Amino acid sequence: ATRLFGYSKDELLEMSFFDLYAEKDRYTAEQVFPSALKGYSAYFEIEFKRKEGSPIVGEMSARRIELDGERVFQAVIRDVTNRKRVVEEALVAKDEIEQLMRLLCTHLLSLVRDATRTLSGKKPELSDALDVLGMQQRLLERALVLSEVRADTKPLPLDDAVKRAMDMLSHTH
């Protein structure tokens, strides 16, 4: 606790446990602890604050236990600040990749439509080229639909999503 929060042992012993919570999560702590004190186990994520004021995101399990015939409160806190930061950065990167994919598909689709319009007024021997462009247009339209975020689908891991998008685009070339 001294290492995690930056307080000395004496400072921690003089503090209330609630003094360690970030103000925004104080209500959560005040709601969970009474049930933990009654004997129920509690497991939750909550933001703490260090002595110097910087935040710590912690996974915390709390419960009342018997120790040498005395009822005591046990709290185990795991610092997950870095893990939360990495997850948030990955979500931002995923959003940026999805946006880039939509822009790329939209641009390629407009190029294919322009080429189709231009070739459709030309000689009949260009029908094979028009067929290929039509297929490419359908693939790009599918890629564009797949690039949309849909709540009803399970998200792919980022590597898989990028690989699938690149495979699909390579077939349209």
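**View 1. Strands S2 and S3 pair in the antiparallel sense over 10 bridges.** The model shown here is predicted. Arg-63 stands opposite Gln-74 in S3. Glu-66 has Arg-71 of S3 as its bridge partner. S2 and S3 form a hairpin, with 2 residues between them. Look for Asp-68 in this turn: its phi is positive, at about 55°.

**View 2. Strand S1 joins S2 through 8 bridges.** S1 spans residues 42–49, and S2 spans residues 55–67. The two run antiparallel. Ile-46 stands opposite Gly-58 in S2. S1 and S2 also form a hairpin, here with 5 residues between them. Gly-53 sits in the turn and has a positive phi of about 105°.

**View 3. An open sheet of 3 strands has the order S1-S2-S3.** The pairing in the sheet is antiparallel. S1 and S3 (70–79) are the edge strands, and each pairs on one side only. From one strand to the next, the twist averages 35°.

**View 4. Helix H3 lies across S1, S2 and S3.** H3 covers residues 26–37 and runs at about 20° to S2. How far apart are the end C-alpha atoms of H3? They are 17 Å apart. This agrees with the 16 Å that its 12 residues should span at 1.5 Å a residue. Which residues of H3 are buried? They are Ala-29, Val-32, Phe-33 and Ala-36. These residues lie on the same side of H3, because they cover an arc of only 105° around the axis. What covers them includes S1, S2 and S3. Just after H3 comes Gly-39, with a positive phi of about 115°.

View 5. The structure holds 3 aromatic pairs. One of them joins Phe-18 and Tyr-21. Their ring centres are 6.1 Å apart, with 40° between the planes, and the pair is tilted. Buried means under 20%. Tyr-21 counts as buried because its relative accessibility is 1%.

**View 6. Tyr-21 and Phe-48 form a stacked pair.** Their ring centres are 4.9 Å apart. The planes meet at 25°, so the pair counts as stacked; planes under 30 degrees apart meet that description. Where do the two residues lie? Tyr-21 is in the loop between helix H2 (9–14) and H3, and Phe-48 is in strand S1. The pair therefore ties together parts that are 27 residues apart in sequence. Both Tyr-21 and Phe-48 are buried.

**View 7. Val-80 is found in the loop between S3 and helix H4 (81–120).** Val-80 is buried because its relative accessible area is 3%. Val-80 and Glu-45 are 35 residues apart in sequence. In space they are 9.0 Å apart, C-alpha to C-alpha.

**View 8. The chain holds 6 helices and 3 strands.** This view sets the close-ups in the whole chain. Along the sequence, the pattern is α-α-α-β-β-β-α-α-α. The chain has 173 residues, and buried residues make up 23% of them. Among contacts in the chain with a separation of 6 or more, 49% are between residues 24 or more positions apart.

Technical notes
Residues numbered from 1 in each chain as written. Predicted model: local features only at pLDDT ≥ 70, side-chain atom pairs only at ≥ 80, totals over all residues. Heavy atoms only, no water. Buried < 20%, exposed > 50% of the residue type's maximum accessible area, 1.4 Å probe, protein only. Helix = DSSP H or I, 4+ residues; strand = E, 2+ residues; numbered from the N terminus. Pairing = 2+ DSSP bridges. Axes fitted to C-alpha atoms, helices over the stretch in contact; angles between N-to-C directions. Contact = heavy atoms within 4.5 Å. Expected span 1.5 Å × (residues − 1). Arc of directions from axis to C-beta. Phe/Tyr/Trp six-rings, centres within 6.5 Å; stacked < 30°, edge-to-face > 60°.
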